[in-house]
Amino acid sequence: MPHLTLDHSAHLTGVLDADVLVKELHRLVVEESGSAGVCKTLVRPAGTYVGDTPDGEAGFLHLEVGLMPGRPEEQRARLSESALALLDRHLRTVGVRVSAVSVEVRELAGSYRLSSPVR
């Protein structure tokens, strides 16, 4: 059931293997969060990113994981650290440098609802 949103600098499109990365993220998130169901992931390239870097290079990768409420802060923090390590590993594998890599694991709001598609 987890929702993942991966925002990244447009120059990472086609460089990172999003299919492989998302499969690994799904496995990691489900295992470490104890979630049931299927992860839903949106990968979004951003055409513009403004960030201060010493060498003038601007780039980022940010993962947001939305989970149903009830997990302790420590569990969400461990998931953040594990996901950050996975993202860093993927970036190193393809030799890409970015100025910011971040992860936020948050609880979905009480107003969250899910509608299954009509078949």
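## Briefing: strands, helices and salt bridges

The protein chain has two helices and four strands. Welcome to a predicted model, in which the elements follow the order β-α-β-β-α-β from the N terminus on. Strand β1 pairs with β2 and also with β3, and five salt bridges are found in the structure. Here is a short tour by topic.

**Overall dimensions**

- The chain has 119 residues, for which a compact globule would have a radius of gyration near 14 Å; the value here is 15 Å, which agrees.
- Along the principal axes, the C-alpha atoms fill a box of roughly 45 × 35 × 25 Å.
- Of the 119 residues, 34% count as buried.
- The protein chain exposes about 7,200 Å², and 53% of this area comes from carbon and sulfur atoms.
- Among contacts with a separation of 6 or more, 84% are made by residues 24 or more positions apart.

**Strand β1 and its two partners**

- Strand β1 covers residues 3–9 and strand β2 covers residues 40–46; the two pair in the parallel sense over seven bridges.
- From β1 the chain passes through helix α1 (residues 18–33) to reach β2, and this β-α-β crossover is right-handed.
- On its other pairing, β1 runs antiparallel to strand β3 (residues 60–67), with six bridges joining them.
- Thr5 stands opposite Leu42 in β2.
- In a regular strand, side chains alternate between the two faces of the sheet.
- Strand β1 is mostly covered, with six of its seven residues buried.

- Side chains of opposite charge can pair when their charged atoms come close.
- Arg44 and Asp7 form a salt bridge through their side chains, at 2.6 Å from N to O.
- This pair links distant parts of the chain, with Arg44 in strand β2 and Asp7 in strand β1, 37 residues apart.
- Asp7 has a relative accessible area of 18%, so this residue is buried under the 20% cut-off.
- Arg44 counts as partly exposed because its relative accessibility is 38%, between the cut-offs of 20% and 50%.

**A salt bridge between the helices**

- Arg89 and Glu24 form another salt bridge, their closest N and O atoms being 3.9 Å apart.
- Here too the pair links distant parts of the chain: Arg89 belongs to helix α2 (residues 73–93) and Glu24 to helix α1, 65 residues apart.
- Both partners are partly exposed, with relative accessibility of 41% for Arg89 and 23% for Glu24.

- Arg76 makes a salt bridge with Glu107, with 3.7 Å between the closest N and O atoms.
- Arg76 lies in helix α2 and Glu107 in strand β4 (residues 100–107), so this pair ties together parts that are 31 residues apart in sequence.
- Arg76 counts as buried at 14% relative accessibility, whereas Glu107 counts as partly exposed at 33%.

Definitions and conventions: Residues are numbered from 1 along each chain as its sequence is written. This is a predicted model: local features need pLDDT of at least 70, side-chain atom pairs count only at pLDDT 80 or more; totals for chains, interfaces and linings use all residues. Side-chain values use heavy atoms; hydrogens and water are left out. Two strands pair if DSSP finds at least two bridges between them. A crossover is right-handed if, with the strands pointing away from the viewer, the path from the first strand over the helix to the second runs clockwise. The radius of gyration is taken over C-alpha atoms; the globule rule is 2.2 Å times the number of residues to the power 0.38. Buried means under 20% relative accessible area, exposed over 50%, partly exposed in between (1.4 Å probe, protein chains only). Contact means heavy atoms within 4.5 Å. Accessible areas come from the Shrake-Rupley method with a 1.4 Å probe; for residues, only the protein chains shown count as cover. A salt bridge is a side-chain nitrogen of Lys or Arg within 4 Å of a carboxyl oxygen of Asp or Glu.
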